[in-house]
Amino acid sequence: MSTVTEQITVSNPRDRRPQRRRSRHGAVSRALISLLLIVAALVWFLPFILLITTGIRTTQDFQTGGPVSIPAEFTFQHFIDAWTTGDFATTYTNTILLALVKVPLGVLVSALMAYALARLKVRFRAAVLFLVLLGLTIPIYIALVPLFNTVKAMGLIDNIFGLLGPYLAFGIPFEVLVLYTFFRQLPDEIFEAARMDGAGSWRVFFQIVLPLSLPALATVFILDAVGTWNELLMALTIISSDENKTLPLGMLNFSGQFTTNYNGLAAAILIGILPILIAYALLQRYIVSGLTAGAVKG
Amino acid sequence: MSTASSVPARTARRRLDEMSQHPWLFVLPAFSVYVIFLVSPALQSVGISFTDWNGVSPDAVFVGLDNYAHIFQDPVAMLALRNNGIWSVVTISVPIALGLSLAVLLNGSSRLMPLLRTIFYMPAVLPLVAVGAIWGWLYDPSRGSVNEILRSLGLGALAQPWLGQDSTALAAVIVAAVWVHTGFPMLIYLAALQGIPLELYESARVDGANRWQQFWHITMPGLRSAHAIVLALSIIDSFKVFDLIFAMTNGGPGNTTQVLGTWMFVNVFQYFNVGYGTAVAVIITIAALAFGIPYVLAQLRSEKR
């Protein structure tokens, strides 16, 4: 552990000054730390590696080699079978359809609210902000039973759009927090200039605030899509029939569906997680900036 | 005459114009959804928790605090409460310790940092159901990789049905939770480390402070607000535990891995003890709010500065 702070002081990327204290001892400890980190990362990544090696090998090869071995005979058949057995055509369609409606709508209403709270003279502003942010901490259980009744009264039980209202409500607090913080930091001069030109609040929102806030909107959009994509408890309560299942509901039954097919189970899990992993790899810049937004200041 | 008729028309238009600019119009769409689908159901739940409602019959009898009193006589609820405690302590402290160590170590190696950061945070974006499926698959008693790795290390005696026996089930789920939760504190600490001025280390070294002293006297105080945020969000998150337990053990074997969230779900949707299950939900929510309200107030205060 004694090498810990030296790492910060000596090789911080922002430190462009010549490194006076680079000694042989420092080089050795740096190499050891890198090695330690690589081993830790391999352990962290190992479940994914095992899923891939098991998913792409023949059952025969798996039985001779065991779960932790390098595959010798390859096949794509497990993925083809798992696609049908796991009913992915249905669950993917439902989840994508719901996310396509929910996420843009949620970001829009949250942006409208965040804009008014951050930039307009809203009555009860502090109270509304407090009430909405409180939603960040409220577990979904507490609303489950009455929500079931509300959705039932709307005739939307066992319908993916029955999830729309609850998902919107539970997404709003985080979206408002991130967007509100961002809108507060926009320079006041822009708003004064727009007011001098006689622009109304709506025009300011659509023509100035939204275009200036694309990074924050992208962050909120992506994190909300991840949340919608992954939600289980509400879907479990509202959805009952197979043809309306979302992706997490579909994956809940995997161990039952693939009891005798260990390779097929690996393939099915991979099909279930691949899109979100690809999206994460491509968009992680926005995810990281959104999650760390509150941590860096003050 | 013509001016007389157009004046009211103009004022009417202006009034309409002003109304369309009313700030509450911007607040209203999100606020009404929030009230209808979150605030109102949450308050209704408090009402339901004072009744013996079974979820089906049209009428429910007011039973006062009976449901709450019953929680303390229900051995499974007490076990669930204990499991929630274990869950919170372990899935908060271990990821924070690991995440802090990783952040401090990664912060030094600029070349490895982006790739390793991606890997350590990766499990956190997966649906928890998928995490449950992955670890259930790894823990498979006969063909799972966990037991296979133990056997190949000569520790075959330790191979066991991790999720299928009382003694190991909760710990096995917690391992999966640590895998998921370590990435978040790491990201926060990595971001916060960027904010510590390097000059502080420089002058500490001049004063003869060793690296261990630098860590405790510069790095740790510099991360104070990051600690607060990580701790608050981890605590709030830990009260929401449901998906992983539900997907991996469904509270079993027996009821050994029940937490309050899964026990609430069983009572409401399997036993139709809706009043009782809702009382359990109210208890979790009060606990979450006890930590959540200070967090929200701190967020609002830090924003004002």
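Colleague: Which helix of chain A has the lowest confidence, and which has the highest?

Modeller: This is a predicted model, and confidence is given for each residue as pLDDT, on a scale from 0 to 100. In chain A the highest mean is 96, reached in α5(A). At the other end, with a mean of 36, confidence is lowest in helix α1 (residues 4–11) of chain A.

Colleague: Over which residues of chain A does pLDDT stay under 50?

Modeller: Chain A averages a pLDDT of 86, and 90% of its residues score at least 70. Where pLDDT is low, the predicted coordinates should not be read in detail. That caution applies to a stretch for which the model has 42 contacts beyond four places in sequence, and in which pLDDT stays under 50, namely residues 1–22 of chain A.

Colleague: How many helices and how many strands does chain A have?

Modeller: Of the 298 residues in chain A, 44% are buried, and among its contacts with a separation of 6 or more, 74% are between residues 24 or more positions apart. As for secondary structure, chain A comes to 15 helices and zero strands.

Colleague: What percentage of the residues in chain B is buried?

Modeller: Among contacts in chain B between residues at least 6 apart in sequence, 68% join residues at least 24 apart. For burial, the cut-off is 20 or more other C-beta atoms within 10 Å, and among the 305 residues of chain B the buried share is 46%.

Colleague: How is chain A divided into domains, and how many Å separate their centres?

Modeller: Chain A is divided into domain 1 (4–75) and domain 2 (84–296). The contact between these domains takes seven residues from domain 1 of chain A and six residues from domain 2 of chain A. Taken over C-alpha atoms, the separation of the two centres is 33 Å.

Colleague: Which element gives the largest share of the side of domain 1 of chain A that touches domain 2 of chain A?

Modeller: On that side, α2 (24–55) and α3 (59–65) of chain A each supply at least two residues. The residues there divide into three nonpolar, three polar and one charged. The largest share, four residues, comes from α2(A).

Colleague: Which helix gives the largest share of the side of chain A that touches chain B?

Modeller: The contact between the chains takes 93 residues from chain A and 92 residues from chain B. By class, the side belonging to chain A has 64 nonpolar, 24 polar and five charged residues. Its largest share, 17 residues, comes from helix α15 (residues 262–296) of chain A.

Colleague: Is P173(A) buried or exposed?

Modeller: P173(A) lies in helix α8 (residues 164–185) of chain A. Leaving aside neighbours within four places in sequence, P173(A) is in contact with V132(A), L133(A), G135(A) and L136(A), and its C-alpha atom is 7.5 Å from that of L134(A), 39 residues away along the chain. Because 22 other C-beta atoms lie within 10 Å of it, P173(A) counts as buried.

Colleague: Is F124(A) buried or exposed?

Modeller: F124(A) is placed in the loop between α5 (88–119) and α6 (125–134) of chain A. Most residues other than glycine have a negative phi, whereas phi of F124(A) is positive, near 60°. Because F124(A) has 11 C-beta neighbours inside 10 Å, it counts as exposed.

Colleague: Which peptide bond is cis, with omega near -5°?

Modeller: The loop between α13 (243–248) and α14 (260–269) of chain B holds P253(B), and N250(B) lies in the loop between α13 and α14 of chain B as well. Phi of N250(B) is positive, near 50°, and with 15 C-beta neighbours inside 10 Å this residue counts as partly exposed. Most peptide bonds are trans, but the cis bond, with omega near -5°, is the one from G252(B) to P253(B).

How values were computed
Residues numbered from 1 in each chain as written. Chains lettered and ligands numbered in written order. Predicted model: local features only at pLDDT ≥ 70, side-chain atom pairs only at ≥ 80, totals over all residues. Buried ≥ 20, exposed ≤ 12 C-beta atoms within 10 Å, placed from the backbone. Contact = placed C-beta atoms within 7 Å. Nonpolar A, V, L, I, M, F, W, Y, C, P; charged D, E, K, R; others polar. pLDDT = per-residue confidence, 0-100. Domains from an automatic or database assignment.
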